[in-house]
Amino acid sequence: MATYQIGVDEAGKGPVLGPMVAAAVRADEADLPDGIDDSKRLSESTRESIATQLRESPAVAVGVGVVTTDEIDDPETDMNSLTVAAQVRALSDVAEDGDHAIVDAGDVSESRFARRVADGVAKSGIDIDVTAEHGADESNRLAGAASVVAKVERDSRIAALDEEYDADIGSGYPSDPTTREFLAAYVDATGEVPPCARRSWSTCEELLTAAEQSGLDDF
């Protein structure tokens, strides 16, 4: 069985609001706190407790990589490339030459995704081996720890947006009625989507098209 020094995962691929956040956790598995699992299987309070323990442990190094809404809206890129970029940024914070990282694969081809991540880290002068697996956050505790940190970090950024807009923006996912209500109200008031929104997402495009049509009808 392979020995890994780092686990990597990301949160926030699908939301219409906020960034995508990747996290890398470098540690000996024996130094990880109990209760680690895929972040989606854990309660909010458990995730926050585990993330705090990871960040406060002197035996654990945590790196974070953020992809902004502007980067996501860039027509010259795609989500696979952005997922690579997020993971590379997180890894580059903590990786050391000779490390072996396990990352949650963001591509149908695990080997291709692993190669792209390793090549990206190499550009910062760090030589590591990378193994990519689908569902790594469920099968490996280091990757699970990274999924928890990434989720908690993204949630904290969404909570900050609540304060910035003085509104409940919800989870940021298109299926969340609170998120859709926030976006609709913002577009109705301003004619635009907020800067925290992924304008290229169909949810935003539909709202903007509806607002434009309403304006034409009024005219």
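Visitor: Where is the place of Asp176?
Guide: In this predicted model, local features need pLDDT of at least 70, side-chain atom pairs count only at pLDDT 80 or more, and totals for chains, interfaces and linings use all residues. Residues are numbered from 1 along each chain as its sequence is written, and side-chain values use heavy atoms, leaving out hydrogens and water. With helices taken as DSSP runs of H or I of at least four residues, numbered from the N terminus, Asp176 lies in the loop between helix H6 (141-165) and helix H7 (177-190).

Visitor: Which side chain of opposite charge is nearest to Asp176?
Guide: Asp176 is buried, meaning under 20% relative accessible area with a 1.4 Å probe and protein chains only. Asp counts as negative, and Lys and Arg as positive. A salt bridge needs a side-chain nitrogen of Lys or Arg within 4 Å of a carboxyl oxygen of Asp or Glu; Asp176 has none, and at 8.9 Å the nearest side chain of opposite charge is Arg180.

Visitor: How wide is the arc covered by the buried residues of H7?
Guide: In H7, the buried residues are Thr179, Phe182, Leu183 and Val187. They lie on the same side of H7, because their arc around the axis is only 125°.

Note on methods:
Helices (H or I, at least four residues) and strands (E, at least two) are DSSP runs, numbered from the N terminus. Buried means under 20% relative accessible area, exposed over 50%, partly exposed in between (1.4 Å probe, protein chains only). The arc is that of the directions from the helix axis to the C-beta atoms.
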